[in-house]
Amino acid sequence: MMKKENSKAPLIPSSNEPTRHPDYQDDEIDLRELFGIIWQGKWWIIAITFVFAVGSVIYSLSLPNIYKSEATLAPTEEASGGGLSQMAGQLGGLASLAGVNLGGKNADKTTIALEILKSRAFIKGFVEKYDILPELMAVEEWNRGSGIAFNNEIYNSNTKEWVREVEPPKQPEPSSWEYVKVFRNEMLEVIKDDTTGLVTIAVNHQSPEVAQQWVVWLIEEINNHMRERDIQEAKRSLKYLDKELQRTSLSDMQQVFYQLIEKQTQTIMLANVRPEYIFQTLDPAVVPEQKAKPSRTLICIISIFLGGLLSIGFVLVRGIFRKQDYAKTT
């Protein structure tokens, strides 16, 4: 009797049963492994993040408070091309024939003044005139009750001597190369709004009184500098015009010289009577009551976030290497 063979057809997966990609399970396992590694190293993450948090708090508390005082200025009529500058434009052709440069609308005195304000020569003269080098380079802290405290390792406030230890070619007393760089890069802010033409001059300092006082002095000095600059130029022009007037006998040229002499005389007169020659103050500088920086909360948040990322990365790398070492031994 022959045995009947039961042939079984191959099983065909039901179309209703979802198919899973072979890599899907591996990805899921890897993801679980990563979370497992992170969970196993949670104490490392907590410890490293805690160290970053404590370090950020200590660092932020060690930073001194910086106060910012600022003033908003508007160019005067002379600086913006009106007044005598407009007259200079009208007489510019005649002045060129006479060999005198009157400037006019082509000379943007506001831009010139701002560039002078940030120049090395102006800052050097400003520091020397007001004798503010210790407040610029040797302040350690400021207290609302006692005022400025100087760093004794840099400057002896009793004897007014510089005692800092530096390597040659530097000297105990900071050179203009040093303090101009500090003043220009860390303390002085000059911003011009091209739309409105308004100018903002600000000073950052540990002392709010010093910051306010320096802004006032800077505005006064740049106005005085530009006034003296124009007065000297007008005097040189007058000297030349007087000499040329004596030489010419033509009535037309004499009339031209008289008009130019009148313009230069007006320049000197108005420059002497205008205290705010180039910039007029719209919003004066005041003593700030709140610090401008540092933002200690932001420093702590960024440090904690960075510490958390670095600690997770450390735990993952450590877990991967440990897994590889275990695979090699087995």
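A salt bridge is a side-chain nitrogen of Lys or Arg within 4 Å of a carboxyl oxygen of Asp or Glu. In this predicted model, the side chains of Glu 221 and Lys 129 form such a bridge, with an N to O distance of 2.6 Å. The pair links distant parts of the chain. Glu 221 belongs to helix α9 (residues 208–247), Lys 129 belongs to helix α6 (residues 120–130), and the two are 92 residues apart. Glu 221 has a relative accessibility of 13% and counts as buried, because the cut-off for buried is under 20%. Lys 129 counts as exposed, at 53%. Side chains of opposite charge can pair when their charged atoms come close.

In total, 7 salt bridges are found in the whole structure. Another one of them joins Asp 108 and Lys 192, at 3.8 Å from N to O. Asp 108 sits in the loop between α4 (92–98) and α5 (109–117), and Lys 192 sits in strand β6 (residues 188–192), so this pair ties together parts that are 84 residues apart in sequence. Asp 108 is partly exposed, at 35% relative accessibility. Lys 192 is also partly exposed, at 30%. A further salt bridge connects Lys 118 with Glu 115, at 3.7 Å from N to O. Here Lys 118 has a relative accessible area of 30% and is partly exposed. Glu 115 is partly exposed as well, at 48%.

The surface also carries patches. Glu 140, Glu 141, Glu 153 and Glu 165 gather in a patch of negative charge. Glu 165 lies in the loop between β5 (161–162) and α8 (176–187). Its relative accessible area is 80%, so Glu 165 is exposed. Ile 58 is part of helix α2 (residues 42–62). Ile 58 is exposed, with a relative accessible area of 55%.

Helix α10 covers residues 251–273. At 1.5 Å a residue, its 23 residues should span 33 Å. The end C-alpha atoms of α10 are 33 Å apart, which agrees. The buried residues of α10 are Val 256, Phe 257, Leu 260, Ile 261, Lys 263, Gln 264, Thr 267, Ile 268 and Ala 271. An α-helix has 3.6 residues a turn, so residues three or four places apart point the same way. Leu 260, in helix α10, counts as buried, at 1% relative accessibility. Leu 260 and Leu 238 are 22 residues apart in sequence, and their C-alpha atoms are 8.3 Å apart in space.

Some backbone features lie in loops. The peptide bond from Pro 168 to Pro 169 is cis, with omega near 10 degrees. Pro 169 is in the loop between β5 and α8. Glu 165 is found in that loop too. Lys 293 and Pro 294 are also joined by a cis peptide bond, with omega about 5 degrees. Pro 294 falls in the loop between β8 (279–283) and α11 (296–329).

Asp 131 is placed in the loop between α6 and α7 (133–137). Asp 131 is exposed, at 60% relative accessibility. Lys 160 is placed in the loop between β4 (155–156) and β5. Lys 160 is exposed, with a relative accessible area of 63%.

How values were computed:
Residues numbered from 1 in each chain as written. Predicted model: local features only at pLDDT ≥ 70, side-chain atom pairs only at ≥ 80, totals over all residues. Heavy atoms only, no water. Patch = residues over 30% accessible without salt bridge, like charges linked within 9 Å, V, L, I, M, F, W, Y side chains within 5 Å. Areas by Shrake-Rupley, 256 points an atom, 1.4 Å probe, with all protein chains shown as cover. Lys, Arg positive; Asp, Glu negative; His and termini not counted. Charge placed at Lys NZ, Arg CZ, Asp CG, Glu CD. Helix = DSSP H or I, 4+ residues; strand = E, 2+ residues; numbered from the N terminus. Buried < 20%, exposed > 50% of the residue type's maximum accessible area, 1.4 Å probe, protein only. Expected span 1.5 Å × (residues − 1).
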